[in-house]
Amino acid sequence: MLYRPFGRMGWNVSAVSMGTWNIGNQWGYLSDDQALDIVRAALDNGINLFDTADAYGIPHGMSELRLGKIIPSVRDKVFIVSKIGNWGLRSDDGLKFKSIDSVRLCGHAICGRMKIEYADVMLCHIANIEDPTVFIEGFQALVKEGFAREYGISTNNFDVFKRFYDISNGECAVLELDYSLINKQPEEQILDFCREHGVGVLVRGPLAMGVLAGKYDESTVFTDNVRAGWNDGQPGRAKYLDNLAKMRSVKGKLSEINPELPLTQAAVRYVISHPAQPVAIPGMTSPKQVADNAEAGKCVFTPQEFAQL
């Protein structure tokens, strides 16, 4: 596994880390034992950063609760990132975030569910937020109280990110965004900004929610809550079909560059090969998938290979 300094913090973070949305039952049911085996496999494969959110899981907070069964015993060896902003939305009971106390409430609860004294990073989970002042002040309070070390935002929108960064007077230390072989928009502007300003980058969706696994096609019927909208007749169908076409194009190019490299590993390796040195946080639903993703983190593409892809 490659390890790299994470933004200006300089933390030695595994280039391939773990997103934990998948261990909370929203992508399909997992028992506690199955979920914990995945987390243990991640640790065994050198992964030392875990990304989660207060709203991940059925019920809300399940991913954090499961992490809380293991993380306290290895707390000095791992980095924990969580996100605030979507608690209760699926049950039509979302917080309004009218004051910093709502942010503080969520931050305290995050630490409680994972049985840790602090999170290394807390992120705003509202991707289109217009005025992030309440979140920034809430995060600053959590840092002062010792419940967080750094803070930032999860968004794909450069304007939203830049506004957050500016209002924080440059304190924004981490950006989480969607980036993959079939979504290269971050390469246009936002990754270069992060590189220039020492903002650590977390990449969710390096496998495009499974499309870049190369095992789905037009006949696939998705039964999980997250991707059911891709099924025939659903609102996300056209985008799904477009992504399938992009995946096949990428697969063809990969066969020219390195026919021995599995598509999934190429997809994860691609995003960590950008000069901004992002950290990929793919979701994982089995110990084997953990090992496959970790394998991708053993090296990066050469600049020539990166440009070809």
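At the start of helix H5 in this predicted model, a side-chain oxygen of Asn157 reaches to within 2.8 Å of the backbone nitrogen of Asp159. Local features were considered at pLDDT of at least 70 and side-chain atom pairs at pLDDT 80 or more, whereas totals for chains, interfaces and linings use all residues. Residues are numbered from 1 along each chain, and side-chain values rest on heavy atoms, without hydrogens or water.

Helix H5 spans residues 158-167, helices being DSSP runs of H or I with at least four residues and strands runs of E with at least two. Its buried residues (under 20% relative accessible area, 1.4 Å probe, protein chains only) are Phe158, Val160, Phe161, Phe164 and Tyr165. Because these residues cover an arc of only 165 degrees around the axis, they lie on the same side of H5, the arc being taken from the directions from the helix axis to the C-beta atoms. They pack against strands S6 (119-124), S7 (148-154) and S8 (174-178) and against helices H4 (133-145) and H6 (190-197), with contact meaning heavy atoms within 4.5 Å. Just after H5, Asn169 takes a positive phi of about 55 degrees.

Strand S8 also supplies at least two residues of the lining of the largest pocket, as does helix H7 (237-257), and H7 gives the most, with four residues. A pocket is here an open set of points on a 1 Å grid over the protein atoms alone, where a 1.4 Å probe fits, with protein on both sides within 12 Å along at least five of seven lines, and lining residues have an atom within 4 Å of a point. Of the 47 lining residues, Trp21, Trp27, Gly205, Met209 and Val226 are the closest to the centre of this pocket.

Technical notes: Buried means under 20% relative accessible area, exposed over 50%, partly exposed in between (1.4 Å probe, protein chains only). A polar contact is a pair of N or O atoms within 3.5 Å; within protein, one must be able to donate a hydrogen and the other to accept it, and residues adjacent in sequence count only if both atoms are side-chain atoms.
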